[in-house]
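How do you decide that two parts of a protein really touch? Look at the structure below, then work through the questions.

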Amino acid sequence: MASAKTACPDHAELFRSERYQEIFDRKKAYENAHSPEEVERVLEYTKSLEYQEKNFAREAAAINPLKSCQPLGALYAGIGFADTLPYVHGSQGCASYFRSHFSRHFKEPFPAVSDSMTEDAAVFGGHANMYQGLENAHKLYKPKMIALCTSCMAEVIGDDLSSFTKNAKDQGNIPADFPVACAHTPSFVGSHITGYDAMMVSILETMGEKSDKTHDAINVILGFDTYLGNFHEIRRIFGLFGVEVTILSDPTAMLDSPTDGEYQMYRGGTSLEELKDAPNAKGTIILQKYALPKTAQLIKNKWEQEVKVVNPIGIAGTDELIMAIAELTGKEVPDAITRERGQLIDAIADSYYWIYGKSFAINADPDQAYGITRFILELGGEPRHVLVTNAVKKWEKETQALLAEFPHGEGCQVYPKKDMWHMRSLLFTDPVDFIIGSSHAKYLWRDTRTPLIRFGFPLFDRHHLHRTSTIGYQGGINLLTTIVNTILDEADRASLDSPSFDLVR
Ligand code: SF4
């Protein structure tokens, strides 16, 4: 008798079963699909240099761009503040997509509401949705602040968030003194990092209260960073310095909540008191240069604060962070941190001969791509293709300058504003040893069989990677561990049936 397991195959086996194979064959026949030989011929053509040239000449379409919508970033900025409700003025489908995207990455619920605009709102304007939505959200979920952004529909019809919010207050939908930070986040331009920047600017402008009294804390803004371990790492480093830190948008408690039998709409986050007092801090350290240009400008110009922008991935990057803290606070670098630096250098010395000379194709958000490219260079690896969809010209220039600093950066090409389909061509015509990228790059792995080192956002298909840290010297050790152990896994696989299959590597 067949066991229950064979009677109901695992999902991975399900579609190989005879029943589904028959369905697929019938579907192909119904669709008058091309023969397997023709499919194979076209597939081979897509791997050619001739196809690559056509692919790179493409102007009108993006295929698998490495970016998400602006409002997704805006929601992420909002959720890091205490008792704050992220709110999408727009269609419910958009909001569901943002929430499911985060839930798939963090494996946690992501509370955010939408005022569910539909066709009639698109014709007559979304103001009625917003008045009712703000009133309901305020009454039902009792937030202390709402972080309000738009989806494309509201932007296309030109809804004005500030005046709608003002009207909602004037007509009593929400109290007149209730803080609503508004960010216009059209997704037909920019990406999730643009939305994060826009919402951060709005929250800081809405809530910040500049006074004559400064305090000794330092503000840190990590930006669109979905490694929760990085937020803990910043607190730990500041703890070693003995310096108070205000992390502006800290989503860790919200997105790493314990199972304690009780769902809470709001957990942790940067308190609104800290947020209000942030303009009076000694200075601000920003960890994402390309993701937070407007935030950096606001803090410099309006708060008249010293702003240091660093990218604390790898040795040089973490050195920048440590020196920024030391310079802003006038404190000596603690011995414990010097020791950690030495430990990272030692770990690199233990592993570099496996990484030295290996080639890498990198795709990520601009700041992460820059940081990981520099770290690979520090490890003796050879970045070959660095491709970023949501990059600006400055990123391209600065990444090229970085590559020029290292002899093994010479063979690397930088590709701003390109997508994963461009990367696929590159991987066929100029193959590399490893890809570094998010879960989306697993399709490149499948097509090209180039091993993938998962890094960035989103990480849907491996669990708990978002809990680790990638910044600071400790984060460097974590990244090194992931990189070198993936290389070793591949070495083991490649030597499975040879005398080189070894216990010690
Ligand atoms: S691109 Fe626009 S319409 Fe599409 S999900 Fe994003 S916000 Fe919504």
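This is a predicted model: local features need pLDDT of at least 70, side-chain atom pairs count only at pLDDT 80 or more; totals for chains, interfaces and linings use all residues.

Q: Where do domain 2 and domain 3 lie in the chain?
A: The domain assignment gives domain 2 as 215-256 + 268-333 and domain 3 as 341-494. Their centres, taken over C-alpha atoms, are 25 Å apart.

Q: How do you know that domain 2 and domain 3 are in contact?
A: Contact requires heavy atoms within 4.5 Å. Here 28 residues of domain 2 are in contact with 34 residues of domain 3.

Q: What makes up the area buried between domain 2 and domain 3?
A: The buried area is about 2700 Å², and carbon and sulfur atoms give 56% of it. On the side of domain 2, Y227, Y290 and I313 supply 33% of the area buried against domain 3, more than any other three residues.

Q: Why is the pair K289 and E398 called a salt bridge?
A: The rule asks for a side-chain nitrogen of Lys or Arg within 4 Å of a carboxyl oxygen of Asp or Glu. The closest N and O atoms of K289 and E398 are 3.0 Å apart, so the pair meets the cut-off. Across the interface the rule finds 4 salt bridges. The count of residue pairs in polar contact between the two domains is 20.

Q: Which helix gives the largest share of the side of domain 2 that touches domain 3?
A: That is α17, with 8 residues. Both α13 (228-241) and α17 (314-329) supply at least two residues of this side.

Q: What kinds of residues form the side of domain 2 that touches domain 3?
A: They divide into 14 nonpolar, 8 polar and 6 charged.

Note on methods
Residues are numbered from 1 along each chain as its sequence is written. Side-chain values use heavy atoms; hydrogens and water are left out. Domain bounds come from an automatic or database domain assignment. Buried area is the accessible area (1.4 Å probe) that two parts lose on being put together, summed over both. A polar contact is a pair of N or O atoms within 3.5 Å; within protein, one must be able to donate a hydrogen and the other to accept it, and residues adjacent in sequence count only if both atoms are side-chain atoms. Helices (H or I, at least four residues) and strands (E, at least two) are DSSP runs, numbered from the N terminus. Ala, Val, Leu, Ile, Met, Phe, Trp, Tyr, Cys and Pro count as nonpolar, Asp, Glu, Lys and Arg as charged, and the others, Gly among them, as polar.
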